[in-house]
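Here's a quick briefing to read with the structure open beside you. Take the topics in any order you like.

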Amino acid sequence: MEPTRSTIVIRTTFARNEKKYLLTDGDYRTLMEEIRTKLAYDDFAHSQICSLYYDTANDELINRSLEKPLYKEKLRIRSYGRPDADTRVYVELKKKFKGVVYKRRVACSYAAARAFMNGEPYARAVTEHPLVNPVYQAQCLCANSMQIAAEIANCLHRNPGLQPRMVIITNRVALHTTDGSDVRITLDIDPVWRNTSTDLDNEMEGVPLFDDGRIIMEIKCAKAYPLWLSRALAAAKVYPQSCSKYGRAYVAQHDGRTARPTMSVVPLDSVAQIAAHSTAEYTIPDPLSTPEPAAVSRAGRILRIPNPLVPAAQRNVAVQEGATCA
C-alpha cells in the first residue's frame, strides 16, 4: 500500500539520556533473563544501520568528543540498509550537553544528502535529487525540515572543511519496555568500520570493532530508569561505560588495526538467507523466528545470540527453515 500523509510519521528531533553498556555473551544472557518479560520488539525490530561520519582532515570533531567536553557534536548521514541514490536517508546532527543527547535530522535522498554535505544549499539539493515518494519529498521542504537543515548548515559553517571520514555498519535489534516507562533498548551486534571507502552504497564490509563478539547495548530514556531495570543491571553487574563506535574505530585506526581482515555485514532477513551465505564470516540469528537460532562459526568462534524475549528453558526449539522477520 502506498503511504499517505496520515500514515507517514518521520521523527526529526530527539532529546533523551542515552547510556551504553558493553556486554559479553554471559552478561547478555544473565541480563535478558531478568528483564525479558518487561520488553517487546519495536515496530522496526531489526535493521542494518549504516552511518557515514563527517569530520575535518585533522579529525577535530572526534578528537574533541574523545576529550569528553561538556558539549560535543557529531555530523553524519545514516541509512537503513545499503542505499541507492534515491533511497531515503537521514542527515543527522547529534549533540550532547551535560549528559543529554539531542538529535536533529532531516530525511532526503542519499544523492541530496551527499550534495548538501558537500556544500550545496539544502533546498536546491533536495529539489535536484528528489525522493520518489511525493509525500516524503514534500516533507523534505516543510518548515520543520528547513529549520533543522539550517542548523546543520550552521554546523558545516562552524567547522569548515568537513568531509566523509568514517563508515560504521552494524545490525541492530530494537526493544522497548511495556510498563509505560518509555525506555528503548538497542543491541548492536558485531559492528564494523572502514575509512578506505566512505560511500554507503559500496559493499557492506569493514574491520570488526571487537574481536570477542561483545554487544553494545544502549538504553535510551527521557527520565530515570524504572526501578526493576536498575535492579536488574546491578544484579547482572552490568555498568555504563563510554562506547562511541566512531570513537573506538578512530582509536583502532590509529592503532594500526586496519591490517586486520575485513568482515561482511549480512542483513538479517531470514535464517535461511543467513545459512545460504556459506562463505560469510559474520551472522546474527533471527530472534523472532526461533528461540535458539542456528550458530555460525566466525574466525574460529561460535556466535550465538539467543532470543532476548524467550526464557532459557524454552530455547531448545528447532530452527524453522525460511522463517522471516516481521
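## Getting your bearings

Let's start with Ile-215, which counts as buried because its relative accessibility is 2%; buried means under 20% relative accessible area, exposed over 50%, and partly exposed in between, using a 1.4 Å probe and protein chains only. This is a predicted model, where local features need pLDDT of at least 70 and side-chain atom pairs count only at pLDDT 80 or more, while totals for chains, interfaces and linings use all residues. Residues are numbered from 1 along each chain as its sequence is written, and side-chain values use heavy atoms, with hydrogens and water left out.

- Ile-215 sits in strand E9; strands (E, at least two residues) and helices (H or I, at least four) are DSSP runs, numbered from the N terminus.
- Ile-215 and Tyr-21 are 194 residues apart in sequence, yet their C-alpha atoms are 8.1 Å apart in space.
- E9 covers residues 215-221, and seven of its seven residues are buried.
- One side of E9 carries Ile-215, Met-217, Ile-219 and Cys-221, the other has Ile-216, Glu-218 and Lys-220, and both faces are covered.
- E9 runs antiparallel to strand E7 (residues 183-194), with seven bridges joining the two; strands pair if DSSP finds at least two bridges between them.
- Across that pairing, Arg-184 stands opposite Lys-220.
- Arg-184 also turns up among the contacts of Asp-42, along with Ala-174, Leu-175 and His-176, leaving aside neighbours within four places in sequence; contact means heavy atoms within 4.5 Å.
- Asp-42 belongs to strand E2 (residues 39-55), and its 15% relative accessibility makes it buried.

**Helices tucked inside**

- Helix H3 (residues 110-117) has seven of its eight residues buried, so the rest of the structure largely encloses it.
- The buried ones in H3 are Tyr-110, Ala-112, Ala-113, Arg-114, Ala-115, Phe-116 and Met-117.
- Just past H3, Gly-119 has a positive phi of about 110°.
- Helix H8 (residues 245-254) has buried residues too, including Tyr-246, Ala-249 and Tyr-250.
- The cover over the buried residues of H8 includes E2, helix H2 (60-66), strand E6 (163-177), E7 and E9.

**Nonpolar cores**

- Which residues touch the most other members of the largest nonpolar core? They're Leu-75, Ile-77, Val-91 and Ile-152, out of 34 residues; such a core is a set of buried Ala, Val, Leu, Ile, Met, Phe, Trp, Tyr and Cys residues joined through side-chain atoms within 4.5 Å.
- H3 gives the most to this core, with six residues.
- Another core lies apart from it, with 26 residues, among them Tyr-28, Leu-39, Val-173 and Ile-189.

**Salt bridges**

- The whole structure has 15 salt bridges, each a side-chain nitrogen of Lys or Arg within 4 Å of a carboxyl oxygen of Asp or Glu.
- Asp-59 and Arg-165 form one of them, at 3.0 Å from N to O.
- That pair links distant parts of the chain, 106 residues apart: Asp-59 is in the loop between E2 and H2, and Arg-165 is in strand E6.
- Asp-59 is buried at 6% relative accessibility, whereas Arg-165 is partly exposed at 23% relative accessible area.
- Glu-33 pairs with Arg-36, with the closest N and O atoms 3.8 Å apart.
- Asp-212 and Arg-214 make another, at 3.1 Å between the closest N and O atoms.
- Salt bridges that share partners tie Arg-76, Glu-92 and Arg-105 into one network.
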